[in-house]
Amino acid sequence: MATRTRTGARPRARFATVGTSPPRREAADKVTGRARYIDDIVVPGVLHGRTVRSTVARGIVRGVRLDPAFDWRDVVVADHRDIPGENVVALIADDQPLLAARDIRHADEPVLLVAHADPERAEAARRAVTLDIEPLPPVLTVEDALARTAVIHGDDNVYKEIVIARGDVDAGFAAADHVLEARYHCGHQEQLYIETNGMLAEVADGVLTVRGSLQCPYYVQRALERMFALPPERVRVVQTVTGGGFGGKEEYPSMIGGHAALLAWKSGRPAKIVYDRLEDIAATTKRHPAVTRVRAGVTRDGTLLAWESDVVMDGGAYETLTPVVLSRGAIHAAGPYRCPNVRIRARGVATNTPPNGAFRGFGAPQTQFAAECHMDRLAEALGLDPLALRRRNAYDEGDVTPTGQVLRESVGAKLALEETARRVQWPRVRRALSRANAAAARAERAGRFAAGGRRLRRGIGLALVWHGAGFTGSGEVKLASLAALDLAPDGWPRILTANTEIGQGTITSFAQLVGETLGIRPERVHVNDADTAQVPDSGPTVASRTVMVVGGLLERCAAAMREQLEAFAGCTIEGEHAFRRVARRWLATRGPLAIARRYQPPPGIAWDDDHYRGDAYGVFSYAGIAVEVEVDLDTGETRVVRVLTAQEIGRAIHPVLAAGQIEGGTLQGLGWALLEDVRWKDGRVWNHQLTNYIIPTAVDAPPIQTVLLGIPYARGPFGAKGVGELPMDAPAPAVVEAIAHATGVRVSEIPVTPERLLAALARREADAPARAGARA
Amino acid sequence: MSTVALTLTVNGRARRVRVPPMKRLLDVLREDLALPGTKEGCGEGECGACTVSMNGAVVNACLVPAVHAQGARIVTVEGLARGPRLGALQQAFVELGGAQCGICTPGMLIAAHALLQRTRGVPREDAVREALAGNLCRCTGYQKIVDAVRAAARAKSGAAR
């Protein structure tokens with residue numbers, strides 16, 4: 001079959017700024033300490049808020065006792081009765097209260113707020129509140145939710161069920177030479193942005209203003225309108241410099257922002273809430289845990305004939321974003337592989353744990369972890385190389401996905417796979433490591449141990465993943481994002497969007513897109529703060545959509561601005577001096593120039609939400625990864641030696657920022673695979689500290705070699721696709737395969753902690769005599 | 001509450017404050033000296049966001065009580081640039097993508113600065129990783145930070161020749 005990988009060569013077109021890497025716009029502020037995060041902003045007379053939370057996972061509030069021995073003067077206390085509007089954090093199903101009134105559905109659920117000008121007094125006041133909660137039996141795991149040990153949502157504890165069907169799966173299995181089934185588990189993961197959640201609220205002239213660390217200002221604004229029964233013009237939300245998000249500041253800021261606002265509303269004074277790390281880990285959202293059963297049928301030569309995924313995700317105590325996380329997970333569940341017969345069933349269930357939410361990848365890392373592990377098991381069962389099996393089945397242009405989407409352009413699956421394999425020298429390294437492991441085992445049997453007596457093994461694994469950019473299905477149509485560009489008084493253009501700079505490089509990339517189109521240097525372009533009083537609703541900063549979707553709107557705004565200014569000038573505008581001359585003349589004679597563009601679906605894109613059929617995303621990005629590990633057979637520790645990843649993301653607008661996304665996402669994926677284990681006790685996070693919730697350090701992190709590949713996407717700005725989430729999908733299954741290659745033990749649950757791996761190694765030792773006996 | 005008079009040199013300037021003796025150096029810097037460049041990420045000495053240099057040693061300012069800083073020479077991120085000009089390390093972070101969200105950057109820069117001060121020539125990649133192991137970053141995967149630190153060392157040793 002012909003492959004179309006040649007188009008992945010370097011772009012032929014020459015651009016002035018697109019494809020170059022100017023310094024990030026706010027970099028100087030960040031390296032000098034001048035950048036002001038929410039905790040750095042000092043407001044005279046501010047009250048410091050604290051949150052009183054449930055200590056039980058499920059129950060009924062019977063009473064709230066304020067310690068009569070405590071001095072309550074000057075302490076502001078607020079509960080659900082103080083909310084002027086609806087007691088709801090508006091999102092999708094609107095089922096989560098701002099403050100629990102009666103029913104407690106998860107531990108650390110907020111019940112009461114206290115505030116004082118002195119943060120230590122505020123903390124003392126929090127401790128002086130006793131909640132009297134009558135406990136009820138909680139549902140704490142996916143298994144218990146499905147078994148209905150208690151019914152806590154609807155009549156079956158299921159928030160949402162999605163079924164995607166293509167072809168005839170039963171016929172596919174019947175025709176297959178091999179059918180293999182396995183089950184895969186992945187646990188919670190904490191986003192662990194280094195800046196904790198924090199918000200500051202003020203009420204002045206009837207306008208409620210909330211500032212803070214957030215990804216989606218209009219989400220917070222809409223939530224506040226409902227809580228305070230205010231029209232949009234009386235609610236203003238402004239993003240401050242944000243110290244990381246990764247999804248963790250997608251929906252949660254509506255909660256903490258609502259709390260700060262309620263304290264400000266009740267007291268008439270500015271109120272600020274900044275969580276400490278313990279509270280942030282204990283109470284805010286995490287990645288959905290998932291259990292996925294995969295069954296696949298293949299021919300002898302490895303061609304996929306039938307694929308079945310049955311996914312269950314733990315949504316936690318409120319529905320929040322679970323239906324859409326589940327949706328993205330389901331659509332990506334069969335991986336970037338052609339298969340004529342597919343059935344995907346996905347369910348999101350309720351448990352009495354804090355609601356799980358957005359985290360980079362949004363369901364797709366969980367389902368693709370299962371898919372990629374399963375590909376490796378299939379390869380092993382067939383005696384095929386993992387690369388060969390993937391090569392045989394990876395998508396080409398014209399292939400059809402499980403939802404029936406025809407992949408018409410920019411299909412980089414094979415390009416990403418082949419570049420990964422070529423650059424890491426896959427067959428040679430894989431064989432060399434196998435030989436070295438066999439030699440080490442022989443030497444150890446003969447009593448010869450390596451220096452230090454350590455029994456080390458090395459292995460290499462690879463993975464291939466895909467990730468759709470933008471909101472799923474009809475999501476972008478419903479969002480109907482609006483972006484704008486106007487002329488600032490100084491004659492340079494100004495970008496007006498609600499999309500936030502959270503470290504990924506939004507404002508730098510946006511300025512490049514506009515600068516390129518207008519023929520001016522990006523540093524000349526102004527970027528307005530993400531302030532709902534000044535910018536249109538260009539949608540949330542999530543879903544790998546910022547550059548591709550909103551950047552695309554800005555490119556159209558800039559093209560229209562250029563056209564209008566050239567018509568006004570009566571000639572083409574060459575160079576930034578000419579641009580500014582014409583722009584100032586326009587401002588002097590015609591007044592303001594503002595251009596806005598609203599999202600319109602590309603022609604020929606159609607999605608049926610009832611049947612999960614059609615074009616789930618405008619386009620997908622693709623990534624290959626190779627991970628080499630070293631395993632200590634006696635301690636069970638896995639060290640990642642090196643990573644090489646080749647990611648096909650369309651045109652990279654800013655290669656350094658794009659590579660930064662890939663390297664950061666890759667390390668989060670490695671952390672999820674090996675280290676990051678949220679431990680629970682009675683429905684509460686037991687390890688809610690950085691001392692015992694471990695994320696990778698610079699020493700844990702391997703050198704990461706990144707290869708940017710681009711098959712330009714005709715409908716993305718200058719050919720760009722999404723990149724933010726893709727890198728999160730790839731590492732975990734490659735780690736599992738690398739460990740299997742090193743040790744012969746194939747785990748199916750992450751994180752692969754030393755304890756888990758030692759247990760798996762011990763099981764193999766225990767099984768070995770039995771297997772030998774069976775052969776005899 | 002009892003307080004003590006504290007004299008210390010911060011970023012080359014003699015400063016005097018009156019604070020509770022057990023107040024965290026982090027809060028003294030942020031609140032009493034209006035230097036919010038030093039950040040808090042965990043409050044228990046794990047993340048390194050509050051890293052400052054104290055008498056030439058790298059410390060977590062969230063774990064240092066004010067009395068321990070009596071007479072100390074402190075350098076924070078605000079003290080790394082000479083006037084409007086960025087230092088070599090800051091410049092390398094800007095150019096090579098060493099800062100993303102920026103919240104770990106002040107502490108990271110202080111730790112890296114200390115490494116470059118005690119190292120001759122260009123430190124090996126693993127030496128840089130070791131020196132920064134007490135500073136958590138969730139954005140970069142550390143690669144561009146390590147690259148920036150080594151580039152700054154190269155620029156400095158080049159300038160020295």
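In chain B, 60% of the contacts between residues at least 6 apart in sequence join residues that are at least 24 apart. This value, like the others reported here, was computed from a predicted model. Chain B contains 5 helices and 5 strands, and these elements follow one another along the sequence in the pattern β-β-α-β-β-β-α-α-α-α. The radius of gyration of chain B is 16 Å, close to the 15 Å that the globule rule gives for 161 residues, and the chain is therefore as compact as a globular protein of that length. The C-alpha trace of chain B spans about 50 × 35 × 25 Å along its principal axes, and 57% of the 161 residues in this chain are buried.

Chain A, for its part, has a secondary structure of 20 helices and 28 strands. For its 776 residues a compact globule would have a radius of gyration near 28 Å, and the value of 27 Å found for chain A agrees with this. Along the principal axes, the C-alpha trace of chain A extends over about 85 × 80 × 55 Å, while buried residues account for 58% of the 776 residues in the chain. Of the contacts in chain A between residues at least 6 apart in sequence, 81% join residues at least 24 apart.

The confidence of the prediction was examined along chain A. The pLDDT of this chain averages 96, and 97% of its residues score at least 70. Over residues 1-12 of chain A, however, the pLDDT is below 50, although this stretch has 19 contacts in the model beyond near neighbours in sequence.

When residues up to four places away in sequence are left out of account, A:Ile739 touches A:Gly459, A:Val629, A:Val631, A:Thr638, A:Val745, A:Val747, A:Val752 and A:Leu757.

Several sets of paired strands were identified in chain A. In one open sheet, 6 strands are arranged in the order S7-S15-S14-S13-S8-S28, with mixed pairing. Strand S7 (158-166) and strand S28 (749-750) of chain A stand at the edges of this sheet, and each has a single partner strand, so one side of each is left without a neighbour in the sheet. Within the sheet, strand S8 (residues 178-186) and strand S13 (residues 290-298) of chain A pair in the antiparallel sense over 9 bridges; A:Arg183 has A:Arg293 of S13(A) as its bridge partner.

A further open sheet of chain A is formed by 4 strands in the order S19-S18-S17-S20, again with mixed pairing. Its edges are taken by strand S19 (526-527) and strand S20 (594-598) of chain A, each of which has a single partner strand, so one side of each lacks a neighbour in the sheet. Strand S17 (residues 482-487) and strand S18 (residues 493-496) of chain A run antiparallel and are joined by 4 bridges, and A:Leu485 is placed opposite A:Ile495 in S18(A).

Strand S2 (residues 59-66) of chain A pairs with strand S4 (residues 103-104) of chain A in the antiparallel sense over 2 bridges, with A:Gly59 standing opposite A:Ile104 in S4(A). Strand S2(A) also pairs in the antiparallel sense with strand S6 (residues 129-135) of chain A, in this case over 7 bridges, and here A:Arg65 stands opposite A:Thr130 in S6(A).

The contact between the chains takes 41 residues from chain A and 43 residues from chain B. On the side of chain A that touches chain B, the elements that give two or more residues are helix H1 (27-32) and helix H17 (655-674) of chain A. Of these, H17(A) supplies the largest share of that side, namely 7 residues. By residue class, the side of chain A that touches chain B divides into 21 nonpolar, 13 polar and 7 charged residues.

Conventions:
Residues numbered from 1 in each chain as written. Chains lettered and ligands numbered in written order. Predicted model: local features only at pLDDT ≥ 70, side-chain atom pairs only at ≥ 80, totals over all residues. Contact = placed C-beta atoms within 7 Å. Rg over C-alpha atoms; globule rule 2.2 N^0.38 Å. Buried ≥ 20, exposed ≤ 12 C-beta atoms within 10 Å, placed from the backbone. Nonpolar A, V, L, I, M, F, W, Y, C, P; charged D, E, K, R; others polar. Pairing = 2+ DSSP bridges. pLDDT = per-residue confidence, 0-100.
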